Amino acid sequence: MAQILFEGTKEQMHRLMDCINEHRSEKGALMPVLHEAQNIYGYLPAEVQTIIADELGLPLAEVYGVATFYSQFSLTPKGKHRISICLGTACYVKGSDKILEAVEHELRITCGECTPDKKFSIESCRCVGACGLAPVMIIDGEVYGKVTAADVKGILDKYMQD
Ligand code: FES
């Protein structure tokens with residue numbers, strides 16, 4: 001598994017603490033604080049979950065439970081280029097699992113991870129409503145349809161330069 005070290009800045013910590021202080025006395029403080037933490041860091045690192053748990057006086061398991069339950073929260077960093085492979089039924093029967101394998105192989109990370117240079121991250125998704133183009137891969141919102149494993153390197157090369 002590719003290890004990404006957490007690197008928070010003082011300014012980010014300042015913003016997080018401002019948000020915690022703003023919501024500290026509220027009953028449902030956890031959700032708004034997690035939302036803001038995700039905005040600040042782009043994901044919810046374990047270190048940040050620990051700070052939130054300590055500051056709000058909640059068990060870490062509760063913070064982790066909420067962070068993993070809601071799909072809008074991510075526990076892993078996202079890359080500059082976000083690759084999403086549709087594993088919905090239509091795409092899957094057309095071999096999107098092979099596309100995913102090819103992307104993982106090319107970037108040397110697995111689904112859910114980010115490359116150490118933070119350039120790419122891979123995730124899977126459910127049907128995006130483009131079944132006629134199956135199998136579908138999406139990079140930064142751009143949809144690639146009828147992709148084959150052999151196409152993957154050429155598509156990724158376009159994003160390698162920037
Ligand atoms: S199943 Fe992939 S777009 Fe519908």
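**Entry 1. Elements and conventions**

I count as helices the DSSP runs of H or I with at least four residues and as strands the DSSP runs of E with at least two, numbered from the N terminus. By that rule I find 7 helices and 4 strands in the protein. I note that this is a predicted model, in which local features need pLDDT of at least 70 and side-chain atom pairs count only at pLDDT 80 or more, while totals for chains, interfaces and linings use all residues. I number residues from 1 along each chain as its sequence is written. Read along the sequence, the elements give me the pattern α-α-α-α-β-α-α-β-β-β-α.

**Entry 2. Overall dimensions and domains**

I looked up the extent of the protein along its principal axes, and its C-alpha atoms fill a box of roughly 55 × 30 × 25 Å. I took the domain bounds from an automatic or database domain assignment. That assignment divides the protein into domain 1 (10–69) and domain 2 (81–160). I find 31 Å between the C-alpha centres of domain 1 and domain 2.

For burial I call a residue buried if 20 or more other C-beta atoms lie within 10 Å of its own, exposed if 12 or fewer do, and partly exposed in between, with C-beta atoms placed from the backbone. Of the 162 residues in the protein, 23% are buried. For contacts I require that the C-beta atoms of two residues, placed from the backbone, lie within 7 Å. Among the contacts with a separation of 6 or more, I find that 60% are between residues 24 or more positions apart.

**Entry 3. Helix α2**

Does the length of α2 agree or disagree with its residue count? I took the expected span as 1.5 Å times one less than the number of residues. Helix α2 (residues 30–41) has 12 residues and should span 16 Å, and its end C-alpha atoms are 16 Å apart, which agrees.

I then listed the buried residues in α2, which are V33, L34, A37, I40 and Y41. Seen down the axis of α2, these fall within an arc of 125° (the arc of the directions from the helix axis to the C-beta atoms), so they line one face of the helix. I find α1 (10–23), α3 (46–56) and α4 included in what covers them. After α2 I note G42, whose phi is positive, near 85°.

**Entry 4. The loop between α4 and β1**

I looked up two residues here. Q72 lies in the loop between α4 (60–69) and β1. Q72 is exposed because 7 other C-beta atoms lie within 10 Å.

P77 counts as partly exposed because it has 18 C-beta neighbours inside 10 Å. The C-alpha atoms of P77 and F120 are separated by 9.8 Å, and these residues are 43 apart along the chain.

**Entry 5. The sheet**

I treat two strands as paired if DSSP finds at least two bridges between them. The 4 strands form an open sheet in the order β2-β1-β3-β4, with mixed pairing. The edge strands are β2 (120–125) and β4 (142–144), each of which pairs on one side only. The twist averages 25° from one strand to the next.

Which way do β1 and β2 run relative to each other, parallel or antiparallel? I find them parallel, with 6 bridges joining β1 (residues 81–86) to β2. In β2, F120 is the bridge partner of H81, and C125 stands opposite C86. I find β1 and β3 antiparallel, joined by 3 bridges. I83 has I139 in β3 as its bridge partner.

Helix α6 (residues 96–107) lies across β1, β2 and β3 (137–139) and runs at about 150° to β1. I took axes as lines fitted to C-alpha atoms, for helices over the stretch in contact, and angles between N-to-C directions from 0 to 180 degrees.

**Entry 6. Backbone particulars**

I checked the loop between β2 and β3, where P135 is found. The peptide bond from A134 to P135 is cis, with omega near -5°.

I also noted positive phi in residues other than glycine. K118, in the loop between α6 and β2, has phi near 60°. K118 is partly exposed, with 14 other C-beta atoms within 10 Å. K146, in the loop between β4 and α7 (152–160), has phi near 50°. K146 counts as exposed, with 12 C-beta neighbours inside 10 Å.
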